[in-house]
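Here's a quick briefing to read alongside the structure.

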Amino acid sequence: MPIRVLPETTANRIAAGEVVERPAAVVKELVENALDAGATRVAVTLEEGGIGRVVVEDDGAGMGPGDLDLAVERHATSKLPDEAMLFRIATLGFRGEALPSIGAVARLSITTRPRDGDAHAILVEGGRKGCVSPAAGAPGTRVEMRDLFYAVPARRKFLKSPRSEAEAAIEAVRRLALAWPGIGFRVTNEGREVLALAPADRETRIRDLLGPDFAAAAVPVAAEAGGMTLAGLAALPAYTRATGTEQHLVVNRRPVRDLLLRTALRVAYRDLIAAGRHPVAALFLELPPDAVDVNVHPMKTELRFRDESAVRGLLISALRRALAVGAGEAVPTPALTQYTPRPSAWSGWRRPAPAPIPRGAAATGLADVQLDLAPAAPSAPAAPAPALPLGFAAPRPMPAPPPAPSEASGGDHPLGRALAQILDTYILAEAPDGALVLVDQHAAHERLTHEALRAQLVEGGVRAQPLLLPAVVDMPSADTARLLDNAEALARLGLEIEGFGAGAVLVRALPALLGPADPAPLLRDLAEEFAAFAEATALERRLDAAIARLACHGSVRAGRRLTPEEMDALLRQMEATPRAATCSHGRPTFLRLGAAELERLFGRR
Ligand SMILES: Nc1ncnc2c1ncn2[C@@H]1O[C@H](COP(=O)(O)OP(=O)(O)O)[C@@H](O)[C@H]1O
Ligand SMILES: [Mg+2]
């Protein structure tokens, strides 16, 4: 095919795709412009997930008619007075690409009024620019985008559902709001106010965005070195999240998603939190503008540090220090971590046992057992475990525990007879064939609770236990919205909630199976689970994830002493439960060490 030079509108639409890939990107660019214009208040309105309409209004400097005409041209910016500035950028924008890009793929209308002049407006639709005309409006700027990608329908296919797109757009504002605490923000989605933040100091803003529970669990982080200043809050290891979404790094007032922060957090919290959990932090790094290159990513969400290892070192040492101070001497480190067996001592266990499958195993799924002992990490070293009723007898859909095992033979009980509890965490049992069985009581109970909840759900709904006094749980409004959007599904799981203002949820009932659990951490985890799964996932999948969360919260903790009867009851229920060999997180619930394995370990053959 012969080469041809693309018509300008086509070229612009292609280039626009780099900047404007979804409504969240539009929102981010427009809010950044408002902040660069010195706004003190920014209001965002979303409709149809921001695909149908995005409006961003600010009370910033505004533009005169000449500037307005230029603002929608490509590579027109007021923020780079000379070339050398490119290496010390202090504004959020600098490329002059956002407005023309939005205008190339959607319908853009801007109304703006400088402090000492009149209001003017301009329209750009699918890359066609209209004339600047007089208009009416308050000082500041109002930018409206409608019908995203109407001019490039092919790109519409890459958008997710309106709800996911709205969520991402709100998240974009949250991140900017964290970086700019002194500015007021308001977000309205489908007519509902989902974020309302008054101008505040940094600590208050963090608290408003990450929630009071985070603030209560957080310690200050502060450090200075080589012209860099680090400040912020990090949560103690007892407060973790199911995902890494609440790890915030702000560099020179620019929220960035940086691998560096993730790595630093992972290193700093190593050995302090359970595998699969994620620390939470909001950290602010200030460094000279020429020590960082913000011009490496089309959407400016990543950056490059001139001295990456210095930044990493600063983050890790500051976090370590904050955690050590925060933990103090008074709060004991979680006892269990001190006993975590060194891998070498367990290495002999790693080989899957070729041992004979215990009788009845195939039917109960025990055949899936793997002796892969990543020593089941102690559950998050949270506050002392509430005295939960074990409730082994409670879940009715499960077969009633058979009569106590006969002492000698073990009969049809492949997990055998409980001999002892070790470290208040593991049950040691002797299988009928003489094999040694070790059960992780929390993992096992979690799986049983999970299966019982699932069985109740299939039967028509999980039984709910109404609370005598409804509990009020404070949480960020985005989380509240996520939970309320799923309220119907949660009701089927026995968790009855209602809205209670923008930043709180009222809990009316909990799944009966969980016993008297604290709803706050449970709701927090559920909100995260929903955020992580977002839209694309079918309800079934989300329900299942929610069940796993419920089961985890409702299960007997490691560290709880069990009576011999409770131990045997747990073993019998495991035998009667499908998929009992792994917990809801996929870790094994028990290990088996057969006679042959023992002989091998002792070098007897
Ligand atoms: N909300 C606003 N208030 C005042 N001026 C604005 C606003 N939005 C955009 N502008 C002006 O329009 C120019 C172009 O904006 P944009 O395309 O986002 O590029 P950039 O932000 O990279 O300069 C900006 O440099 C600024 O002068
Ligand atoms: Mg801009």
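Let's start with a helix pair: H6 and H7 run roughly antiparallel to each other, because their axes cross at roughly 160° and anything over 145 degrees counts that way. Keep in mind that this is a predicted model.

**Helix pair H6 and H7**
- H6 covers residues 162-179 and H7 covers residues 202-210, and their axes come within 9 Å.
- The crossing of H6 past H7 is left-handed.
- On the H6 side, the residues that meet H7 are Arg174, Ala177 and Leu178. H7 answers with Arg205, Ile206, Leu209 and Leu210.
- Sorted by class, that contact has five nonpolar and two charged residues, with no polar ones.

**Helix pair H14 and H19**
- H14 (residues 441-458) and H19 (residues 564-575) have axes that come within 10 Å and cross at roughly 50°.
- That angle makes H14 oblique to H19.
- H14 and H19 also make a left-handed crossing.
- H14 brings Gln441, Ala444, His445 and Leu448 to the contact, while H19 brings Leu570, Gln573 and Met574.
- By class, you'll find four nonpolar and three polar residues in the contact of H14 with H19, and no charged ones.

**The chain as a whole**
- The chain has 605 residues, and 49% of them are buried.
- Take the contacts in the chain with a separation of 6 or more: 70% of them come from residues 24 or more positions apart.
- The accessible surface is about 27,600 Å², and carbon and sulfur atoms hold 56% of that.

**Positive phi in two loops**
- Glu48 isn't a glycine, yet its phi is positive, near 45°. You can find Glu48 in the loop that links strand E1 (41-47) with strand E2 (53-58).
- Glu48 has a relative accessible area of 48%, so it's partly exposed, as the cut-off for exposed is over 50%.
- Asp147 is another non-glycine residue with a positive phi, here near 55°. Its spot is the loop between strand E7 (140-146) and helix H5 (153-156).
- Asp147 has 24% relative accessibility and counts as partly exposed, because buried would mean under 20%.

**Arg186 and its surroundings**
- Arg186 sits in strand E8, which spans residues 184-189.
- With 42% relative accessibility, Arg186 is partly exposed.
- Which residues is Arg186 in contact with, leaving aside its neighbours within four places in sequence? They are Val42, Ala43, Val44, Glu193, Leu195 and Ala196.
- Ala198 is 12 residues from Arg186 in sequence, and their C-alpha atoms are 8.5 Å apart.

Definitions and conventions. Residues numbered from 1 in each chain as written. Chains lettered and ligands numbered in written order. Predicted model: local features only at pLDDT ≥ 70, side-chain atom pairs only at ≥ 80, totals over all residues. Heavy atoms only, no water. Axes fitted to C-alpha atoms, helices over the stretch in contact; angles between N-to-C directions. Helix = DSSP H or I, 4+ residues; strand = E, 2+ residues; numbered from the N terminus. Parallel < 35°, antiparallel > 145°, perpendicular 65-115°, else oblique. Left-handed = near helix turned anticlockwise from the far one by under 90°. Contact = heavy atoms within 4.5 Å. Nonpolar A, V, L, I, M, F, W, Y, C, P; charged D, E, K, R; others polar. Buried < 20%, exposed > 50% of the residue type's maximum accessible area, 1.4 Å probe, protein only. Areas by Shrake-Rupley, 256 points an atom, 1.4 Å probe, with all protein chains shown as cover.
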